[in-house]
Amino acid sequence: MNVNGLTAKGDTATATYTIENTSADLSAVLSATTTNSNTEYFKVTQNIAKATIGHGETTTITVTVELIKTPITQDEETTIGVDITAEPQQPNA
């Protein structure tokens, strides 16, 4: 995810990714964590639309980057990571 053009406190950028469960017969319980190398200037959040998906189903994860402090002397950069974990479950468990 490349973000450009955030110049003032409160500016945001979002990216939405699709997640598909390709398991032959298992459901998946999804969770996600984010990392951010510049927490002084950026806030990174994520939202999974549907946390449990069955075989063949899809859901989305939306990642939002917010500028929480207006840079004054230079452009600020950050490195963002999003780790998604899928815990397998028997259907209807």
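The model you are looking at is predicted.

**Exercise 1. Is S37 buried or exposed? Find out what S37 touches, too.**

Solution. 
- Step 1: S37 lies in the loop that runs between β2 (27-36) and β3 (42-48).
- Step 2: S37 has 54% relative accessibility, so S37 counts as exposed; the cut-off here is over 50%.
- Step 3: Check the contacts. Not counting residues up to four places away in sequence, S37 touches T78 and T79. A polar atom of the S37 side chain lies 2.7 Å from the backbone nitrogen of T79.
- Step 4: From S37 to E76 you count 39 residues along the sequence, while their C-alpha atoms are 11 Å apart.

**Exercise 2. Work out whether N21 is buried or exposed, and name its contacts.**

Solution. 
- Step 1: N21 belongs to the loop between β1 (12-20) and β2.
- Step 2: The relative accessible area of N21 is 7%, and therefore N21 is buried.
- Step 3: With residues up to four places away in sequence set aside, the contacts of N21 include L26, S27 and A28, and also I53, G54, H55, G56 and E57.

**Exercise 3. In what order do the strands of the three-stranded open sheet lie?**

Solution. 
- Step 1: Start from β2 and strand β6 (residues 80-89). These two run antiparallel and are joined by 10 bridges. Two pairs to find in the model are A28 with P88 and T34 with V82.
- Step 2: Turn to strand β4 (residues 52-53). Two bridges pair β4 with β2 in the antiparallel sense, and A28 stands opposite I53.
- Step 3: The open sheet reads β4-β2-β6, with antiparallel pairing. Its edge strands are β4 and β6, each of which pairs on one side only.

**Exercise 4. Which strands pair with β5, and which residues form its covered face?**

Solution. 
- Step 1: β1 and β5 run antiparallel and are joined by nine bridges; I19 has T59 as its bridge partner in β5.
- Step 2: β3 also pairs with β5 in the antiparallel sense, over seven bridges. Here Q46 has V63 as its partner.
- Step 3: Compare the two faces of β5 (residues 58-67). T59, I61, V63, V65 and L67 make up the covered face, whereas T58, T60, T62, T64 and E66 make up the uncovered one.

**Exercise 5. How much space lies in the largest pocket, and which lining residues are closest to its centre?**

Solution. 
- Step 1: The largest pocket holds about 420 Å³ of space.
- Step 2: Its lining has 18 residues, and V3, N4, F42, E76 and E77 are the closest to the centre.
- Step 3: Sort the lining by type: eight residues are nonpolar, seven are polar and three are charged.

How values were computed. Residues are numbered from 1 along each chain as its sequence is written. This is a predicted model: local features need pLDDT of at least 70, side-chain atom pairs count only at pLDDT 80 or more; totals for chains, interfaces and linings use all residues. Side-chain values use heavy atoms; hydrogens and water are left out. Helices (H or I, at least four residues) and strands (E, at least two) are DSSP runs, numbered from the N terminus. Buried means under 20% relative accessible area, exposed over 50%, partly exposed in between (1.4 Å probe, protein chains only). Contact means heavy atoms within 4.5 Å. A polar contact is a pair of N or O atoms within 3.5 Å; within protein, one must be able to donate a hydrogen and the other to accept it, and residues adjacent in sequence count only if both atoms are side-chain atoms. On a 1 Å grid over the protein atoms alone, a cavity is a set of points where a 1.4 Å probe fits but cannot get out, and a pocket is an open set with protein on both sides within 12 Å along at least five of seven lines; lining residues have an atom within 4 Å of a point. Grid points are joined across faces, edges and corners, and a volume is the space filled by probe spheres set on the points. Ala, Val, Leu, Ile, Met, Phe, Trp, Tyr, Cys and Pro count as nonpolar, Asp, Glu, Lys and Arg as charged, and the others, Gly among them, as polar. Two strands pair if DSSP finds at least two bridges between them.
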